[in-house]
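Please find below a colleague's note on the model under review. It is set out as numbered points for discussion.

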Amino acid sequence: MLSRLTGVLLGGSIRGWVVRFLLVVGLVPLLSVVVYLTFWQRGILQDAASDDLATQAQLEASQVERTLSDGATSIQTLSENPILQSPTASRETKLEEMLEAQEFTGAFEDVTLIDTQGQVIESTTYLFSGTWSEKAWYAEALAGRPSVSEAHLVASPRRLVVVFTAPVMTDGQVSAVIAGQMNMEVVWEDLDSITIGDTGFLMAIDRNGNLVSHPDKYLLLTKLTNVVTTEGSETSPVNFTGPDQSLVGQAAAVGVLGWHVIAAQESAETYAIANDIARTVAVVLVIVMVLTAGAILFFSRVVGRAEQALRLTRFSLERTADSVFWISPDGHFVDVNDAACGALGYSREELLSMTVDDIDAGDLLGLRHERWNELKQHGSQVFESSHRTRDGKIFPVEVSSDYLEFNGKEYDCAIVRDITERKQAEEKLRESEARSSAIVETAHDCIITIDHEGRITEFNPAAERTFGYSRTEALGQRMVELIVPPSFREGHSKGFAHHLATGEGAVIGKRIEITAVRADGTEIPVELTVTRISADPPMFTGHLRDITERKTAEETISHLAYYDGLTDLPNRALFIDRVNVALTRARRTGQMAAVMFLDLDRFKLINDTVGHGLGDEVLRSVAHRLTGLVREGDTVARASGDEFTLLLPDIEQPEDVFEVAERIVEAFRRPWLVDGREFHVTGSLGIAMYPDDGDDPESLLRKADTAMYQAKDEGRDTYRLHTEAMNARIAERVDLEAGLRRGLERSEFVVHYQPQVDLQSGAIVGAEALVRWQHPEQGLLLPGGFIPVAEDCGLILPLGEWVLRTVCAQNVAWQQTGDAPMPVAVNLSARQFQERNLLDTVTQVLEESGMDPQYLQLEITEGAAMRDVESTITTLRALRKMGVQIAIDDFGTGYSSLSYLKRFPIDVLKIDRSFVRDLIVDPDDAAIASAIIAMAKSLGLRVIAEGVETEEQLAYLKEHGCDEMQGYLFSKPVPAPEFTKMMSQAERSSPAEVSADSP
């Protein structure tokens, strides 16, 4: 047939010439029209593809510019904050403003306030590292101009950041610079997730052509080659070379930084549709030519039109990327194209000798007859299968079969497409969905998803456990009616409706605390974060966490911070706070206020005779009786031990105070009945009045204390109002002060050491240094008899420095003689800790003694730490940086607010002996001790218990995880030679053999 057509076309007969003439006359105009239409349509499609890329680039560039502009505006607004501009505002207040601004904006991972010398004043996260004074954008802000940095990489964690800076002006001068560090993942949030077609993606370059956003994060800041953009236009075409690919795209300018967002795509895909149309038109043209030739052959009565059409069709199919097979009913290949040979690895001759069964690895085997009948019945079918290559590799395919009948014979024309990439993408999608489902199912937090009507569409197992509903019960229910308490439902519904209408919401993307209700009706506090899922209509996912335990712990810690653990009365910190409030009100109203200091007479006798357990019961009874004797609005607090303080605000005349004082003294004369036993305990009461005796809490307390001692001196069981005559007792302190000065000059002071023992091994692991005064007339005096006077007169500073030098020299001497190195603790008084040259003194002593700083432990009391929290933190950080250990002494006495504890860079907590003393017989003391141990462990701190005197106390502390102890159970404080002997004995014995009988 083919030879006949060739003969007609090429032959020299009249018929051949007629055929050629008709072909030229008929096909040339048709070919011209088709070629014109093909290239015209191809150009339109190419322009459309470029327009799509330009639109995508422009949209994302606008979004990026808004984000960057918002960041610059936020930093500028923060720089104008009056608190940051104020030279008197505290660092803590400025930090709160910065944290609030950071949380409100949501775009910055760090906000830093820098002074004009390039030093950080305060930072929300301290993520920025480096020297500010070297940064160009800092210099710009220092010159009074807001600035934004180039994007630059931060190593850990690896991320790209940009820094916005603005000057903070005070009285028209730059007083500081505020800087906001923005993680570029916030800016490129959409760019990294958007794909364009199969090969396209979004990226961004800076003004130097460096990549600042790319799906491959390790290409960031690399130079992108062959990039040409048109300045001054909204978008411009870009032709460039990417990693292992030829790309085309459209660039849109980001005006804030001079960057460009580029929508890029492989050039093959960009023009794929136009190329496909061109190929299709070519195929159509060929088919038209075949049909025309057939018509001509029919006109010239030439047989073989079909063969010519098949030849031309085969010519076109050779140019398709898909495999094409012509298959007979018995499964033999009649013809194949080059793509089929390339896909399977066989030559054309080999395939023409094979059948479908030789290459099929799917489900065609044994079903060929049924499929052939179905193909004849329907004319076409599409299905998936697998093919096997010559080397045995199996790959998935999609088969499109068409039934053809030609020249009395039947054929299956099968077009086969390799779908390996599609299958891999589907498998990744299934794996991703499975991982997401597993995360939701195993999450400890409640995950609840709702639709735009507020109905629950997802309710994970954690939500089932927390709220008491099964997933089946929850799905379809309105969340507001299921877990929101009735009193909050109306507000929740209004807020939800407002967000749907306006897109605005106070909770979207923020972490808030709310109240939720369980299935049994109980209400619980939860922490909630709501995320909006972009959809039409939108959906929302809520992450909820039951914070009942955290709230309980916070309440417990708050109560420990401000209330006495034994009597549940306000402690000193809360009392002073209330005195300050009362004095402020008194200054405004012109009224008086009174502070009373009450000390129980001979209370020590009760502890010595009946024990501390009953003594504590007496103290509780005293607290209860005192509370009932004062007016509503008055405050009764426990100062320490058997001392109580009272505040009487809003006093109009002194007689009102005397009436209360007489009522208290009279009430204390009545016997106390505790545990079936009768006790007689009176009280001595001192009174100080505002404004006559002072205008601050410390002055009033001190003078009330003086008046109380006057009452004791006059026989106890009475009250006295402070008078200047009482100051005569200060003369005694003058004598003591003179003796202290002579003692320092004559070296009358000595240091004793009390061992600190590891509770697990029983080994001596440290010591506490305690100063003693070897008085020439009164003998060995304990610190309580002279330290308060030394603090008042300032002698505590030279005395404390002497103790520090003595201890360091002794510790070095022990190490030089072969004893194992161990830390020795030195107590710092409040006065010492507040001295400006404390750091210089410690540094000098360590250098002169040659002692390693890690073997020096400095102890401060809670009261000293809380006098100036910010200054305390600065000093402690400096000491820690030197390598010195830090311990909080007398912990748990209720003086300070525990909310600051986590901010202090400390190593050790020492449980006050007042809690250790009765922890076996007093559940409250036991609870406090165990709570302190647990809290310290959670903060990574060591715990030392003071005043351990019994084996029962030791066992309890060991059971509850206390690390170390010191007390008379093991040893009292001893001079250095005896301590040396004790360490030698410990080295010769196993730790368990070192007992309380050690010297």
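The points below move from the overall fold to helix packing and then to individual residues.

1. Basis of the note. The model is predicted, so local features need pLDDT of at least 70 and side-chain atom pairs count only at pLDDT 80 or more, while totals for chains, interfaces and linings use all residues. Residues are numbered from 1 along each chain as its sequence is written, and side-chain values use heavy atoms, with hydrogens and water left out.

2. Overall content. The protein chain comprises 35 helices and 39 strands; helices (H or I, at least four residues) and strands (E, at least two) are DSSP runs numbered from the N terminus. Of the 999 residues in the protein chain, 44% are buried. Buried means under 20% relative accessible area, exposed over 50%, and partly exposed in between (1.4 Å probe, protein chains only). Among contacts in the protein chain between residues at least 6 apart in sequence, 57% join residues at least 24 apart, a contact being heavy atoms within 4.5 Å.

3. Packing of α20 on α24. Helix α20 (residues 572-589) and helix α24 (residues 697-713) have axes that come within 9 Å and cross at roughly 110 degrees. Axes are lines fitted to C-alpha atoms, for helices over the stretch in contact, and angles run from 0 to 180 degrees between N-to-C directions. The two helices α20 and α24 are therefore roughly perpendicular to each other. Angles under 35 degrees count as roughly parallel, over 145 as roughly antiparallel, 65 to 115 as roughly perpendicular and the rest as oblique. From α20, the residues Arg572, Phe575, Ile576, Val579, Asn580 and Leu583 meet Pro697, Glu698, Leu700 and Leu701 of α24. The residues of this contact of α20 with α24 are seven nonpolar, one polar and two charged. For this division, Ala, Val, Leu, Ile, Met, Phe, Trp, Tyr, Cys and Pro count as nonpolar, Asp, Glu, Lys and Arg as charged, and the others, Gly among them, as polar.

4. Packing of α29 on α31. The axes of helix α29 (residues 838-849) and helix α31 (residues 869-882) come within 10 Å, crossing at roughly 15 degrees. That angle makes α29 roughly parallel to α31. In α29, Leu838, Leu839, Val842, Thr843 and Leu846 meet Thr875, Ala878, Leu879 and Met882 in α31. This contact of α29 with α31 divides into seven nonpolar residues, two polar and no charged.

5. Cysteines. How many disulfides does the structure hold? There are zero disulfides, a disulfide being a pair of cysteine sulfur atoms within 2.5 Å. Cys341 counts as buried at 11% relative accessibility, and Cys962 is buried with a relative accessible area of 2%.

6. Prolines. Tyr690 and Pro691 are joined by a cis peptide bond, with omega about 10 degrees. Pro691 is placed in the loop between β28 (683-690) and α24. Pro461, in helix α15 (residues 461-467), is buried at a relative accessible area of 18%. Pro461 and Asp445 are 16 residues apart in sequence, with a C-alpha to C-alpha separation of 9.2 Å.

7. Positive phi at non-glycine residues. Asp171 has a positive phi of about 55 degrees and lies in the loop between β5 (159-170) and β6 (173-183). At 76% relative accessibility, Asp171 is exposed. Asp650 also has a positive phi of about 55 degrees, but Asp650 lies in strand β25 (residues 643-651) and is partly exposed, with a relative accessible area of 35%.
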